[in-house]
Amino acid sequence: MRITQYLASKLKNFSNLPKEYIERSKKQVYWQTPKELNYLPRTVERKRFRYTTNRSWTGQFRQQNMPGTVRRKVLVEPIEDWSFFRGDRIEVLVGKDKGKQGIVTQVIPERNWVIVEGLNWHYRKVGGEKEFPGIIIKSEAPLHVTKDIRLVDPSDLQGTDFEWRFTEEGEKVRVSLRSGRIIPVPETNNQTHDYKTPNAYIEREKDTPGAVVGEITFQPKLSTFEMDIMEEMGIKEERTPVKSYWY
Amino acid sequence: MSSTLIKCFNLAKAAGNVTVRRFLAGPMQSWQACSALALQTPLAQMQMHTSPVRRDLMEFFDDKKNWSETEVKVGRAWRTEELRIKSNKDLHQLWFVLLKERNMLMTMEHECNDKMETFPSPERIDKVKISMENLETVVRERNKAYHLLETGETGERPQKPVQNALGLKINYKTCEHALPPFMNLKWIKSRNIGFGGRAVNRFLLKYREKLYNAKRKAKNRSRNEVMMILRRNPNFDLGVLRRQFPDVDVEKLRNEDKVRGHYVPKVGV
């Protein structure tokens with residue numbers, strides 16, 4: 001999924017982290033030209049990352065993209081309208097849990113993946129040695145949104161194909177093709193790591209209260225910022241600057 | 001919340017002339033309130049968060065109770081539309097609150113690296129940075145509006161696109177001089193405007209070839225990507241591909257050998 005699609009889609013960023021931080025945390029700069037006149041600004045850095053279920057600001061992501069390593073390119077098909085959100089009830093179409101229904105808990109748009117609660121388990125063996133057989137770790141494997149799952153119609157709880165349509169109010173909704181019923185985007189989609197609903201956010205010590213943020217203190221005035229501050233502080237400037245030339 | 005209030009009351013007692021009423025007034029709309037950092041105003045304006053002024057080196061460090069935390073939760077950064085409704089004085093004060101916070105965070109990050117600890121919630125640095133950038137944007141907007149109204153110019157440092165000694169287009173930021181250009185002999189001697197010569201032309205030829213190659217490779221890459229998508233999904237929506245890869249002729253690619261999969265197509269299924 002590309003950035004423009006991501007902005008246009010209804011998918012919310014669960015981590016609630018600023019995208020500058022996400023970009024900064026995964027950056028791997030190998031060489032940067034010094035900021036001197038005789039250098040053109042050039043950067044040699046990692047361009048292609050392998051996105052997995054590990055989010056890009058974590059240490060596991062870095063471990064999977066260690067500096068200097070090259071991994072094969074993964075082909076990700078473009079998706080115009082992202083249609084699977086956290087909290088959606090979906091039906092699995094492949095694998096051991098084929099035909100079962102579950103709730104989407106995590107969405108990974110970098111790979112067109114979703115993770116469904118309690119379905120499509122896979123098992124990993126870690127810590128195996130000569131004497132010790134190792135420990136089995138169980139976790140949900142991701143499912144591909146275009147091939148492996150389909151949405152569940154809320155009217156009869158059966159899997160269905162759907163289409164994005166517009167309501168008379170101009171809102172974009174998913175409509176079940178079998179029953180024609182609207183499949184609403186679940187409220188869970190708006191949850192973030194910091195709060196369940198925006199109203200339930202607990203203010204921290206350094207947060208400015210909402211009322212203060214919304215207060216209008218601006219007064220239009222014929223002066224620059226600096227002139228206004230100087231007036232406020234009682235600084236008077238009576239010298240006139242000498243004529244200068246910009247070239 | 002309660003500890004903050006108690007702190008405010010204590011400060012109010014100390015200052016004597018403070019209206020704490022404004023701090024209490026109105027419901028706290030948390031969804032708006034997620035600003036990373038509060039205005040640390042003088043006591044006369046108590047409506048925003050203040051921390052006790054210590055005026056020692058420990059102001060460069062975070063609160064002691066955050067030292068061993070793995071996560072320090074804060075709200076989001078200030079947005080430009082929120083800053084546009086604030087007075088110049090508020091913005092001026094907010095700038096220094098943010099600056100102090102940035103100093104504190106960078107000190108903490110350095111100290112954590114030094115002591116082999118994890119720096120909790122490093123995204124706070126980015127939130128402060130975004131707030132400061134937005135604040136600067138708003139101040140520049142205001143100054144630009146004043147200068148345009150009074151002088152018809154933006155009042156910003158003049159810039160113009162010129163070609164440097166290598167024949168490349170650069171953005172030349174002009175400088176302020178006491179003398180006009182025709183009198184400034186030192187500047188006339190030092191400046192190196194214009195380009196020419198065989199070496200420069202040869203350089204430009206190779207430079208343009210490099211740019212062209214980058215463009216050509218990008219085009220080939222997207223062409224290959226379309227072919228691989230079509231090979232894996234023969235029934236992929238061509239309209240989507242056309243919109244996503246506007247420089248690729250999708251219709252022409254459909255008959256390419258690379259698009260055909262390595263399997264015998266099923267007939268009559």
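Which strand of chain B does S14(A) pair with, and in which sense? S14(A) and S3(B), residues 176-177, pair in the antiparallel sense over two bridges. The legends below take that spot and a few others in turn.

This is a predicted model, in which local features need pLDDT of at least 70, side-chain atom pairs count only at pLDDT 80 or more, and totals for chains, interfaces and linings use all residues. Residues are numbered from 1 along each chain as its sequence is written, with chains lettered from A and ligands numbered from 1 in the order in which they are written.

**View 1. A strand pairing that joins chain A to chain B.** Look for A:Tyr245, whose bridge partner in S3(B) is B:His177. Strands here are DSSP runs of E, at least two residues, and helices are runs of H or I, at least four, both numbered from the N terminus. Two strands pair if DSSP finds at least two bridges between them.

**View 2. Where chain A touches chain B.** Here 40 residues of chain A are in contact with 52 residues of chain B (contact: C-beta atoms, placed from the backbone, within 7 Å). On the chain A side, H2 (19-26), H4 (210-214), H5 (225-233) and S14 (245-246) each supply at least two residues. H4(A) has the largest share, five residues. By type, that side divides into 19 nonpolar, nine polar and 12 charged residues (nonpolar: Ala, Val, Leu, Ile, Met, Phe, Trp, Tyr, Cys and Pro; charged: Asp, Glu, Lys and Arg; polar: the others, Gly among them).

**View 3. An open sheet of three strands in chain A.** The order is S11-S12-S13, with antiparallel pairing. S11 (162-166) and S13 (182-183) of chain A stand at the edges with a single partner strand each, so one side of each has no neighbour in the sheet. S12(A), residues 172-176, pairs with S13(A) over two bridges, and A:Arg174 stands opposite A:Ile183.

**View 4. The largest nonpolar core.** A core is a set of buried Ala, Val, Leu, Ile, Met, Phe, Trp, Tyr and Cys residues joined through C-beta atoms within 7 Å; buried means 20 or more other C-beta atoms within 10 Å of a residue's own, with C-beta atoms placed from the backbone. This one has 15 residues, and A:Phe84, A:Val104 and A:Ile149 are among those that touch the most other members. S3, S4, S5 and S9 of chain A each give two or more residues, and S5(A) gives the most, with three. A:Ile149 touches residues including A:Ile90, A:Val114 and A:Leu143, not counting residues up to four places away in sequence.

Technical notes:
Contact = placed C-beta atoms within 7 Å. Buried ≥ 20, exposed ≤ 12 C-beta atoms within 10 Å, placed from the backbone.
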